[in-house]
Amino acid sequence: PVLVVDFGAQYAQLIARRVREAGVYSEIVPHTASAQEIAAKNPVGIILSGGPSSVYEDGAPSLDLDVFDLDVPTLGICYGFQVMAKALGGEVANTGLREYGATDATVVTEGMLLQGQPAEQNVWMSHGDQVSRAPEGFEVLARTAHTPVAAFANDTRRMYGVQWHPEVKHSDHGQNVLENFLHKAAGLPADWNSGNVIAEQVARIREQVGTGRVISALSGGVDSAVSTALVHEAVGDQLIAVFVDHGLLRKGEREQVENDYVASTGVKLITVDARETFLNALAGVSDPEQKRKIIGREFIRAFEKVQSDLVAEAKAEGEQVRFLVQGTLYPDVVESGGGAGTANIKSHHNVGGLPEDLQFELVEPLRTLFKDEVRAIGRELGLPEAIVGRQPFPGPGLGIRIVGEVTADRLEILREADAIARAELTKAGLDDEIWQCPVVLLADVRSVGVQGDGRTYGHPIVLRPVSSEDAMTADWTRLPYDVLSKISNRITNEVRDVNRVVLDVTSKPPGTIEWE
Ligand code: XMP
């Protein structure tokens with residue numbers, strides 16, 4: 001793989017995705033990894049990410065400098081560019097001149113990195129320190145009004161760097177910088193695509209599972225739909241898909257899985273009605289993390305129950321169900337602290353909340369993939385667009401969209417409100433513009449309203465439309481007022497106990513997408 005060394009900002013994942021978009025497989029490693037650990041992964045390229053710090057700050061994230069002696073083509077970006085410059089004998093100065101946002105860069109010499117690019121271009125900067133002198137043997141490729149060394153190269157050592165962020169779309173020729181580095185400087189072919197991923201994962205799954213039986217957690221969401229289809233592709237009827245109706249589903253979801261999905265894949269499906277079990281387990285609980293843990297635990301318990309039922313039915317020896325498929329994605333792994341040295345932000349139920357007495361060995365064929373890649377694979381596997389194109393929906397479902405205790409009554413209210421919002425957004429053709437639009441019930445809040453002749457004292461519904469590329473960062477979507485108005489009118493008129501609809505206008509960070 002190409003390794004993206006994470007210096008602790010949000011950029012590493014974006015870089016990793018852009019590298020994959022260029023057809024080269026990439027993985028993220030923390031900056032604390034030793035040169036030996038990095039070498040052990042057999043990197044064909046290394047990219048040092050941007051970071052939040054100044055190389056002169058106390059506790060600035062550092063790198064095992066032996067990484068520069070591995071003889072692997074290396075590209076430093078922003079902070080990573082400065083770390084590289086300093087380590088190889090260049091000069092990094094704190095001039096007090098900051099560049100932030102859109103900046104004009106002038107190409108001095110194209111070299112391999114900036115080959116074919118215009119002499120003047122718009123790049124995205126975010127830095128205080130600057131490289132004031134390139135290390136010996138390095139050629140300066142670009143400068144800006146304030147930064148004498150904005151990009152450099154040493155073709156002999158195959159070391160490259162840019163001060164700007166080529167991974168963000170605001171840098172006009174950013175993707176081309178990455179492609180030049182990957183294809184020209186490092187000589188890597190663009191041969192990583194969804195077809196290869198399927199072939200590779202199918203082989204892996206067969207190897208892990210052998211002739212064993214597998215059950216799959218089907219939730220109706222994209223991730224579990226694709227991981228299940230992938231495992232089905234690998235082992236056919238050794239797989240049984242289990243759909244747990246935990247009562248935290250959206251309107252119509254159960255039918256969609258039981259009918260559409262089964263029709264398109266031919267997967268064997270068992271539905272477990274666990275609505276009561278989940279409600280009982282969640283009774284009296286308002287704390288979000290506790291809810292997530294309970295839901296995760298009950299999920300697994302439901303599957304174990306199916307397992308023992310199946311085993312009881314099975315006459316032959318060795319018919320035991322040992323494997324469980326989960327649609328865990330790469331961002332879940334990284335955000336749960338399993339990838340880089342990143343803080344644990346939330347226990348995503350499919351990673352952090354697993355019970356310790358887990359009875360299954362996990363099969364996680366999407367563990368290295370980003371969402372858009374999962375969709376591409378789903379399409380390649382022939383899943384219907386209605387399933388592959390769906391907005392993300394969290395595993396814990398509506399359970400983490402009721403702020404307060406989860407009850408059957410509150411679920412009913414939220415389900416209706418959510419169905420209205422979804423229908424109107426789809427009708428207005430906004431599905432592609434938004435990443436998702438959680439609809440949240442503030443069950444512990446009441447406000448006064450008036451309807452007909454009477455005073456009401458009901459609950460607010462929050463609309464949380466967000467635009468995002470990967471859910472790591474997001475902005476609130478500027479939905480048209482008439483669509484918002486329609487949703488608000490319909491919800492307050494059609495859903496009992498709701499007398500107010502409010503709009504969440506917070507980006508992520510600081511807000512997460514979900515309220516819990
Ligand atoms: P946050 O709220 O962390 O959400 O900004 C980021 C994305 O992840 C989804 N999400 C989850 N998905 N299990 C999941 O499978 C979970 O526990 C979970 N929590 C949040 C969320 O909907 C958003 O797309």
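Here is a short tour, with something to select at each stop.

**Before you click.** You're looking at a predicted model, where local features need pLDDT of at least 70 and side-chain atom pairs count only at pLDDT 80 or more, while totals for chains, interfaces and linings use all residues. Residues are numbered from 1 along each chain as its sequence is written.

**Stop 1: the largest nonpolar core.** Select Val 214, Val 226, Val 231 and Ala 417: of the 71 residues in the largest nonpolar core, these touch the most other members. A nonpolar core is a set of buried Ala, Val, Leu, Ile, Met, Phe, Trp, Tyr and Cys residues joined through C-beta atoms within 7 Å. Buried means 20 or more other C-beta atoms within 10 Å of a residue's own, exposed means 12 or fewer, and partly exposed is in between, with C-beta atoms placed from the backbone.

Now colour helix α6, residues 222-235, which gives this core eight residues, the most of any contributor. (Helices are DSSP runs of H or I, at least four residues, and strands are runs of E, at least two, numbered from the N terminus.)

Zoom in on Val 231. Which residues does Val 231 touch, leaving out those up to four places away in sequence? They are Ile 205, Val 214, Ser 216, Leu 239, Val 325, Val 363 and Pro 365. Contact here means C-beta atoms, placed from the backbone, within 7 Å.

**Stop 2: α6 against α11.** Axes are lines fitted to C-alpha atoms, for helices over the stretch in contact, and angles run from 0 to 180 degrees between N-to-C directions. Under 35 degrees counts as roughly parallel, over 145 as roughly antiparallel, 65 to 115 as roughly perpendicular, and the rest as oblique. To see the meeting point, show residues including Val 226 and Leu 230 in α6, with Val 374 and Ile 377 among their partners in α11.

**Stop 3: α5 against α11.** Keep α11 and bring in helix α5, residues 194-209; the two pack at about 80°, with axes 9 Å apart. α5 and α11 are therefore roughly perpendicular. Among the residues making the contact are Val 197 and Ile 198 of α5 and Ala 376 and Ile 377 of α11.

**Stop 4: Ser 286.** Finally, select Ser 286, in the loop between α8 (275-282) and α9 (288-313). Buried, exposed or partly exposed? Ser 286 has 15 C-beta neighbours inside 10 Å, so it counts as partly exposed. Not counting residues up to four places away in sequence, Ser 286 touches Gly 404 and Glu 405.

Definitions and conventions
Two residues are in contact if their C-beta atoms, placed from the backbone, lie within 7 Å.
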